[in-house]
Amino acid sequence: MTAENTQIEFKNTNFWYNSKQILFDISLKIYSNKITALIGPSGCGKSTLLRCINRMNDLIPISKIDGKIFYNNENIYEKNIDVIELRKKIGMVFQKPNPFPMSIFDNVAYGLRVQNINDKTKIKQIVKDSLEKADLWDEIKERLNFSAFRLSGGQQQRLCIARALAIDPEIILLDEPCSALDPLATAKIESLLRKLKNERTIIIVTHNMHQAKRISDYACYLLNGKVIEYSGTAEMFDSPKNKLTKDYINGEFG
Amino acid sequence: MVNEHVRQNIYFISFRIATFLSVVFLLFILLYTLKEGIGVIDIKFLTSMWFHRNITRGGIFPAIIGTIFLAIGVSIISIPIGICTAIYLNEYAKENLLTRTIKLAIRNLAGVPSIVYGIFGLSFFVLFLKLGGSLISASLTLGCMTLPWIITTSEEALKSVPLSFREGSYALGATKWQTVRKNVLPYSFSGMLTGSILGISRAMGETAPIIMVGATFFMGYLPTSPFDKFMALPYHLFILATQHSSPNAREYALGTALVLVALIFMLNLGVFVLRYKLRKKKEW
């Protein structure tokens, strides 16, 4: 494990939502070009943990965080950190596909346009590349100007991945991206993620242990806001060290 | 034991009766105005100046113009301020005691009787700011009255845009302003417009406040500057219906009412068409 490059490091992170503590003293390292799965029962804090990484929790006014989270050796909760720049480097895909009510093309171009990239040929090229990387290009290349709402749920989610890829982030955070999808659409997303990890670090929240087992390199089991076990995925599923982990992955609880 | 089907039928029948009553009242008002007022409406009535001594010889043109000017004045004053306030309150202001108090106060202001705005307009705009009884004083007074309404409906329009659009935008590195401009305002625009126009329609029909701040029953010329006094349809019809001695006065009052209703109806129809065009963009 020492040969891996650390990309994100939590150091004694605590998080409160409205005076209720959600995360307790989280310390863990996330390695680059790997898929790390955050697993655990509903309400264990895995989504909150994920949203700390791109500071999405900043949007909740009554939340409080302490401790440090390092991204490429820089604490992202320092005062001088530009959150906008951070989010350009750390993309996010949400639980429910959330395409914007505009054309497929405009959805993917959105992140470029907010960066004031106006070169039309460049935008076209990036949109095409991103849709190809998200395995969606062949299905929709004829109807780029159709509303994104006319795509199926699985296609919408891949569109959201393409939209995140368009701004070329180093890390992609996925918050239960397949929970609203059928098994076939899920399989497509999973194979896509396996392909993407060659270039990017992927952190995925999932309540589906089979999914974690299928796609992740590392797995982190959270319970009641605490890290119970964090290790290589194969190791965790073959020989969990903690009894709580064992109970959870054997389906005896959760 | 009451059969659930019977219970359901009792409820639905009472709802149906309520709906029927509302429709009947509205239709009755409209048809009555139409039947009684249509007789006096002709080109002369709509386009000539008011003739005071013999009302059958003149028209209500200056009152129509006055009401249109007033609507324009109120729109210029209240729509931009109202929409900007709603954006600030809903998108930027931190949710705390102060914001909540302000929002509550605005909602309460929407319920303050128009005559209270009238007396405020008289003391503040007419007398204190020395704007006199004028179009501008009336526009400002009715603007203040319409403002809480526009703010409240615009806020509702902003709230109806799903949070997921905002989150998705932030996650792509958009600033708050970019998110609001590109991914919230375009979808709430038609709701804001509808709310604003309903507010303006209400203002166009107000009588009590404008009497205090510049409306006049008789004026031999059209207003040429914002500081002129003006005639207005609702006040005109009030005087005709209650104060005028001419035997034709009642008929002319109903004709005036019909013109006012038609004017407001046209405004709302315009918004309806515009909304229909904008709606095509909205697909969630």
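## Basis of the description

Domain bounds are taken from an automatic or database domain assignment. The model is predicted: local features require pLDDT of at least 70 and side-chain atom pairs count only at pLDDT 80 or more, while totals for chains, interfaces and linings use all residues. Residues are numbered from 1 along each chain as its sequence is written, and chains are lettered from A and ligands numbered from 1 in the order in which they are written.

## Domains of chain B

Chain B consists of domain 1 (4–39) and domain 2 (41–279). The C-alpha centres of domain 1 of chain B and domain 2 of chain B are 28 Å apart. To their contact, domain 1 of chain B gives 6 residues and domain 2 of chain B gives 7 residues; two residues are in contact if their C-beta atoms, placed from the backbone, lie within 7 Å. The side of domain 1 of chain B that touches domain 2 of chain B has 2 nonpolar, 3 polar and 1 charged residues. In this classification, Ala, Val, Leu, Ile, Met, Phe, Trp, Tyr, Cys and Pro are nonpolar, Asp, Glu, Lys and Arg are charged, and the others, Gly among them, are polar.

## Overall form of chain A

Chain A has 10 helices and 10 strands; helices (H or I, at least four residues) and strands (E, at least two) are DSSP runs, numbered from the N terminus. The radius of gyration of chain A is 18 Å, close to the 18 Å that the globule rule gives for 254 residues, so chain A is as compact as a globular protein of that length. This radius is taken over C-alpha atoms, and the rule is 2.2 Å times the number of residues to the power 0.38.

The C-alpha trace of chain A spans about 55 × 45 × 40 Å along its principal axes. Of the 254 residues of chain A, 43% are buried, a residue being buried if 20 or more other C-beta atoms lie within 10 Å of its own, exposed if 12 or fewer, and partly exposed in between, with C-beta atoms placed from the backbone. Among contacts in chain A with a separation of 6 or more, 69% involve residues 24 or more positions apart.

## The open sheet of chain A

In chain A, 6 strands form an open sheet in the order 6-7-8-3-9-10, with mixed pairing; two strands pair if DSSP finds at least two bridges between them. Strand 6 and strand 10 of chain A are the edge strands, each pairing on one side only. On average, neighbouring strands of this sheet are turned by 15° against each other, direction ignored.

Strand 7 (residues 171–175) and strand 8 (residues 201–205) of chain A run parallel and are joined by 5 bridges, with Ile172(A) partnered by Ile202(A) in strand 8 of chain A. Strand 9 (residues 218–223) and strand 10 (residues 226–232) of chain A are antiparallel, with 6 bridges; Tyr218(A) faces Gly232(A) in strand 10 of chain A. These two strands form a hairpin with 2 residues between them, and Asn224(A) in the turn has a positive phi of about 50°.

## Helix 1 of chain A

In helix 1 (residues 46–53) of chain A, 8 of its 8 residues are buried, including Lys46(A) and Arg51(A). Just after helix 1 of chain A, Arg55(A) has a positive phi of about 55°.

## Contact between chains A and B

The contact joins 22 residues of chain A to 19 residues of chain B. Helix 2 (83–89), strand 6 (90–93) and helix 3 (104–113) of chain A each supply at least two residues of the side of chain A that touches chain B. Helix 2 of chain A provides the largest share of that side, 3 residues. By class, the side of chain A that touches chain B has 12 nonpolar, 6 polar and 4 charged residues.

Key. Axes are lines fitted to C-alpha atoms, for helices over the stretch in contact, and angles run from 0 to 180 degrees between N-to-C directions.
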